[in-house]
Amino acid sequence: NHADGSARFVFKGTAVLAGVFGPREGRAAIKASDESVITVNWNRGDGLSGSREKEYETIVRNILEAVVVRSQDPLCVIEVSLQAVTESGGSLSAAINAAVVAVIDAGVAVEGLCAAVTVALMHDGSILLDPTSGEEGSARGVMTVTLRGHDHALLSSVVSGKVGEEELLTAIEAAGDAVSTVLTFIRMAVEKRLEKEQRCW
């Protein structure tokens, strides 16, 4: 089946594909008739799915539920399929960004944009934005931070390793500028899509 929306997010050595199917009527939406139901499936190249993939599916779904206007499509299911083509750090943030663009590409109504970045806290106290997988492996803590576009409100923070509360706040603040850069690219992608649709009309 052809996806109703799609996106590819690439940064450094990491590339994630996202496909969106729907909104379309489905059994999963019957129990939530006043809102659409969002499902997320992370496809590994080997066809297997582990605990990491299941965790990522839940995180991406929760973020999409925070930005999609689910009341716009009652009795419908929005299926999101993700696949990491290459991974070299920041896979979760790349997946979040790809999913957001793909949802918009599918014509799903959203309350606003959001973007995610990965932040690594090194043992010497320094902070790295968008670290490689090697840098993530040598870091004391790694955070995937998702901020809302218009006010940079925190939508999600996924933390692994040892990170204190003050360090987390510092990481979120450092992520702000990087999120602004990602949002610029997302807006450009959305605008190009809209321009293409207008030309077709």
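## Secondary structure and overall form

Helices (H or I, at least four residues) and strands (E, at least two) are taken here as DSSP runs, numbered from the N terminus. By that reading the protein has 4 helices and 8 strands, and along the sequence these follow the pattern β-β-β-α-β-α-β-β-α-β-β-α. The radius of gyration, taken over C-alpha atoms, is 17 Å, close to the 17 Å that the globule rule gives for 201 residues, so the protein is as compact as a globular protein of that length; the rule itself is 2.2 Å times the number of residues to the power 0.38. The C-alpha trace spans about 55 × 35 × 30 Å along its principal axes.

This is a predicted model, in which local features need pLDDT of at least 70 and side-chain atom pairs count only at pLDDT 80 or more, while totals for chains, interfaces and linings use all residues. Residues are numbered from 1 along each chain as its sequence is written, and side-chain values use heavy atoms, with hydrogens and water left out.

## Burial and the nonpolar core

Of the 201 residues, 43% count as buried, where buried means under 20% relative accessible area, exposed over 50%, and partly exposed in between (1.4 Å probe, protein chains only).

A nonpolar core is a set of buried Ala, Val, Leu, Ile, Met, Phe, Trp, Tyr and Cys residues joined through side-chain atoms within 4.5 Å. The largest such core holds 52 residues, of which Val60, Leu64, Val80 and Leu82 touch the most other members. Helix α2 (residues 91-105) gives the most to this core, with 11 residues. Apart from its neighbours within four places in sequence, Val60 is in contact with Val40, Leu82, Leu92, Ile96 and Ala99.

Gly22 lies in strand β2 (residues 14-25) and, with a relative accessibility of 5%, counts as buried. When residues up to four places away in sequence are not counted, Gly22 touches Asp4, Val77 and Ala106. Gly22 and Asn41 are 19 residues apart in sequence, and their C-alpha atoms are 14 Å apart in space.

Ser157 belongs to strand β8 (residues 154-161) and counts as partly exposed, at 32% relative accessibility. Beyond its neighbours within four places in sequence, Ser157 is in contact with Thr144 and Leu168. Ser157 and Val145 are 12 residues apart in sequence and 4.6 Å apart in space, C-alpha to C-alpha.

Methods. Contact = heavy atoms within 4.5 Å.
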